[in-house]
Amino acid sequence: VRSLAARRGLVELTPGGVASALGRSLDHLNRQLRAETGTTTGGVLNRLRLEEASRLLQCSEQSIGGIATAVGMDDQNYFARWFRRQTGQTPTRWRLRISS
């Protein structure tokens, strides 16, 4: 899943699209991933999105909306809520804390 995301980027990847690209059904892929890693395809994609968003917040001056789009979330408000659920902080506050 990581190598597919690296080749194609995160913008258009969905769990179903990943499974299809790997020639498996989503249920089969999720069972396999859960057995190997304890998470699902969606969980892996969320982790990759969080890693990339964190990297961009730390290493770029890109806007929050631009970062949201770069990780495959077109709605900046949804991205901010999602990021806060993942980290306990808004993207803006996280960026300020890291840059201090």
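What follows is a chat about a predicted model of a protein chain.

Student: Before I get attached to any of this, what's the average pLDDT for the protein chain?
Tutor: This is a predicted model, and the protein chain averages a pLDDT of 93.

Student: Where is confidence lowest, and where is it highest?
Tutor: Lowest is helix α1 (residues 2-8), with a mean of 85. Highest is helix α6 (residues 76-87), at 96.

Student: OK, on to α3. How many residues does it have, and how far does it reach?
Tutor: Helix α3 covers residues 26-37, so to speak 12 residues. From first C-alpha to last, α3 reaches 16 Å, close to the 16 Å expected at 1.5 Å a residue.

Student: Which residues of α3 are buried?
Tutor: Those are L29, N30 and L33. They sit on the same side of α3, because they cover an arc of only 100° around the axis.

Student: And which ones are exposed on the other side?
Tutor: D27, R31 and A35 are exposed there.

Student: What covers the buried residues of α3?
Tutor: The cover includes α2 (15-21) and α4 (41-59).

Student: Switching to charges. How many salt bridges does a search of the whole structure find?
Tutor: The search finds 2 salt bridges. One of them joins the side chains of E51 and R2, at 3.2 Å from N to O. E51 lies in helix α4 and R2 in helix α1, so the pair ties together parts that are 49 residues apart in sequence.

Student: Is E51 buried, exposed or partly exposed, and what's the number? I mean, which relative accessible area does E51 have?
Tutor: E51 is partly exposed, with a relative accessible area of 35%.

Student: Which residue does E52 form a salt bridge with?
Tutor: Its partner is R55, and the closest N and O atoms of that pair are 2.8 Å apart. Both E52 and R55 lie in helix α4, 3 residues apart, which is about one turn of the helix. In general, residues three or four places apart in an α-helix point the same way, because there are 3.6 residues a turn.

Student: What's the relative accessibility of E52? And of R55?
Tutor: E52 counts as partly exposed at 25%, and R55 counts as partly exposed at 41%.

Student: Now the greasy bits. Which residues in the largest nonpolar core touch the most other members?
Tutor: That core has 13 residues, and A53, L57, I67, F79, W82 and F83 touch the most other members. At least two residues of this core come from each of α4, α5 and α6. The largest share, 4 residues, is supplied by α4.

Student: What is L57 in contact with, leaving aside its neighbours within four places in sequence?
Tutor: L57 contacts I64, I67, F83, P91, W94 and R95.

Student: Last one, T69. Which helix is T69 found in?
Tutor: T69 is in helix α5 (residues 64-70). T69 is partly exposed, at a relative accessible area of 38%.

Student: And what is T69 in contact with, again leaving aside neighbours within four places in sequence?
Tutor: V11 and D74.

Student: How far apart are T69 and F79?
Tutor: They are 10 residues apart in sequence and 8.9 Å apart in space, C-alpha to C-alpha.

How values were computed
Residues are numbered from 1 along each chain as its sequence is written. This is a predicted model: local features need pLDDT of at least 70, side-chain atom pairs count only at pLDDT 80 or more; totals for chains, interfaces and linings use all residues. Side-chain values use heavy atoms; hydrogens and water are left out. The expected span of a helix is 1.5 Å times one less than its number of residues. Buried means under 20% relative accessible area, exposed over 50%, partly exposed in between (1.4 Å probe, protein chains only). The arc is that of the directions from the helix axis to the C-beta atoms. Contact means heavy atoms within 4.5 Å. pLDDT is the predictor's confidence in each residue, from 0 to 100. A salt bridge is a side-chain nitrogen of Lys or Arg within 4 Å of a carboxyl oxygen of Asp or Glu. A nonpolar core is a set of buried Ala, Val, Leu, Ile, Met, Phe, Trp, Tyr and Cys residues joined through side-chain atoms within 4.5 Å.
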